[in-house]
Amino acid sequence: MVVWNAEWRSRQLPELAAQEWDLIVVGGGICGAGILREAARRGWKCLLLEQRDFAWGTSSRSSKMVHGGLRYIAKGQFALTRASVRERQRLLAEAPGLVDPLSFVMLHCGGFPGPRVFGSLLTLYDALAGRRNHAFFPLQQLRYLVPGLKEDGLQGGTRFFDAVTDDARLVMRVLGEARSDGGEALNGMRVLELLRVNGQVSGLRAEDVESGRCFDFRARSVALATGAWADRLRAAGSPERIRPLRGSHLLLPGWRLPLAHAISFMHPVDGRPVFVFPWEGATVIGTTDLDHADGLDQDARISSAEVDYLLAACAAQFPAAAISRGDVLSTWSGVRPVVSDGEAGVKPSDEKREHALWVEQGCVTLAGGKLTTFRLLALEVLQACSGFVDRPPADSDAEVFTPCAVPALLGLSPAQQRRMAGRYGRALPGLARMIERLGVERVGVTDTLWAELAWAAQGELVLHLDDLLLRRTRLGLLLPAGAQAELQRIRALCQPLLGWDDERWSSEVQQYQALWQRCYSLPE
């Protein structure tokens, strides 16, 4: 496959704009990537355009959960739960090392739901997944399962299983599958307007953010998978609108609050479910659920009130740990694109999480949806687009991730090899050659290899330093001060691969550090 980098992008952009496409996907999050992947596997001539960077929005700042939506059973959304648990099982089977099982422990402190009610919900949850996988642990046993819990009023905990992922790497893996099957994807392309002929969408006009040049793209169909931005390009008509809801998280060093399980419980202030869980060797505290009033074109950021809310949740269940602001490595906030009918007085947490398709001639808008069900959402979009393209979307049950042989990766443990295979898939042979050249040294205390950093800089369409440190890798979250201590070594390795001169590197570092301080650290 041709190297996928900024030089390739600059060279290919005019040629890609000159072609006529069966489908152009707008939006480079998990839903857009899924649509591109399913279209490419069917031989559609397809292109994806993303205004910032792949996974820049919600899909790099989610709660990292690949789950069946246990809460949706309580709301009576059984079809959504059934679809979610089955897709979760598919992803666990197809992408081990990228999507991995994670055990959850729901604490019972005397309120709703108690062990019996929660156990009944889990019985149905397990039945939808086709397996029984939960158990109740009284307090005497729970002490060994989760040390350090506040025991006053604690009856015990119920353990069940869902899954966890690196959401940004999931997007990159799906895009890799799509490109291997003939699809193309470009970041840094802001869609300005849809083009119409006789009232039917016939393409779009997009600005190359890097150069300022504008291009017109022709397409037989357009799929808008822009998440919280869905209302910007689509034609008016539906009474439903996107309600942007912000979910924020704190990240702690793993040693500060070591956990083997995700711990779920009700917040002592408002009774909302929150959780504390292990991720990438660190510990996450999340999440909030608030209306997001800030502009969508800026990175979402946590508020001081949200920090206090999450620290209070942690203190309520892990008082002996005495977690404070000084322990926080980084933060992240994502904006959930929830479809709302605009009914007044509905709390953010009470909004349904169902998706919607809005169709006009030549264009389909996907609104809402869940990370776990991205494949099913993609199939719905292709079905809606097929009439415009005159190509039926057959073979709806094929694997998202193509099985491939894993080359021997000398010096890596079986767990590390599994991780590499899950994250890189068909690109693994190329990464293996990079590992042979650079070795298996990890960056700081993370599981990320220096070779992965070089691979991303060379061939994963990195346009800016935050692409590299916040999405292709998660070093900006997992290392203190956004990986400040490693920047000189990162420069020595990656600057030549990125093709940046010294002035460009200095500018990128300044912009990255300002962004990290504003949106990924604690608010002042």
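Val25 stands opposite Ala223 in strand S12. In S3, the bridge partner of Val25 is Leu48. This is a predicted model.

- Six strands make up an open sheet, and their order is S8-S3-S2-S12-S20-S19.
- The pairing in this sheet is mixed.
- Strand S8 (184-186) and strand S19 (356-360) are the edge strands. Each has a single partner strand, so one side of each has no neighbour in the sheet.
- On average, neighbouring strands are turned by 15° against each other, direction ignored.
- Strands of a sheet pair through backbone hydrogen bonds, and the pairing can be parallel or antiparallel.

**Strand S2 and its partners**

- S2 and strand S3 (residues 46-49) run parallel, joined by four bridges.
- S2 and S12 also run parallel, and three bridges join them.
- S2, helix H2 (residues 30-41) and S3 form a β-α-β unit, and this unit is right-handed.
- In a regular strand, side chains alternate between the two faces of the sheet.
- In S2, Leu23 and Val25 point one way, while Ile24 and Val26 point the other way. All of these residues are buried.

- S19 and strand S20 (residues 363-367) run antiparallel. Five bridges join them.
- Val359 has Val364 in S20 as its bridge partner.
- Helix H9 (residues 374-389) packs on the sheet. H9 touches strand S2 (23-26), strand S12 (222-224), S19 and S20.
- The direction of H9 makes about 165° with that of S20.

**Arg272**

- Arg272 sits in the loop between strand S14 (262-266) and strand S15 (273-279).
- Arg272 is buried, yet has no salt bridge.
- The nearest side chain of opposite charge belongs to Asp289, 4.5 Å away. A salt bridge needs a side-chain nitrogen of Lys or Arg within 4 Å of a carboxyl oxygen of Asp or Glu.
- Beyond its neighbours within four places in sequence, Arg272 is in contact with several residues, including Phe265, Asp289, Tyr309 and Ser349.

**Phe265**

- Phe265 belongs to strand S14.
- Phe265 counts as buried because its relative accessibility is 2%, and buried means under 20%.
- Leaving aside neighbours within four places in sequence, the contacts of Phe265 include Met106, Leu107, Arg272, Val276 and Gln317.
- Phe265 and Cys314 are 49 residues apart in sequence. Their C-alpha atoms are 9.9 Å apart in space.

Methods. Residues are numbered from 1 along each chain as its sequence is written. This is a predicted model: local features need pLDDT of at least 70, side-chain atom pairs count only at pLDDT 80 or more; totals for chains, interfaces and linings use all residues. Side-chain values use heavy atoms; hydrogens and water are left out. Two strands pair if DSSP finds at least two bridges between them. Helices (H or I, at least four residues) and strands (E, at least two) are DSSP runs, numbered from the N terminus. Axes are lines fitted to C-alpha atoms, for helices over the stretch in contact, and angles run from 0 to 180 degrees between N-to-C directions. Contact means heavy atoms within 4.5 Å. Buried means under 20% relative accessible area, exposed over 50%, partly exposed in between (1.4 Å probe, protein chains only). A crossover is right-handed if, with the strands pointing away from the viewer, the path from the first strand over the helix to the second runs clockwise. Lys and Arg count as positive and Asp and Glu as negative; His and the chain ends are not counted.
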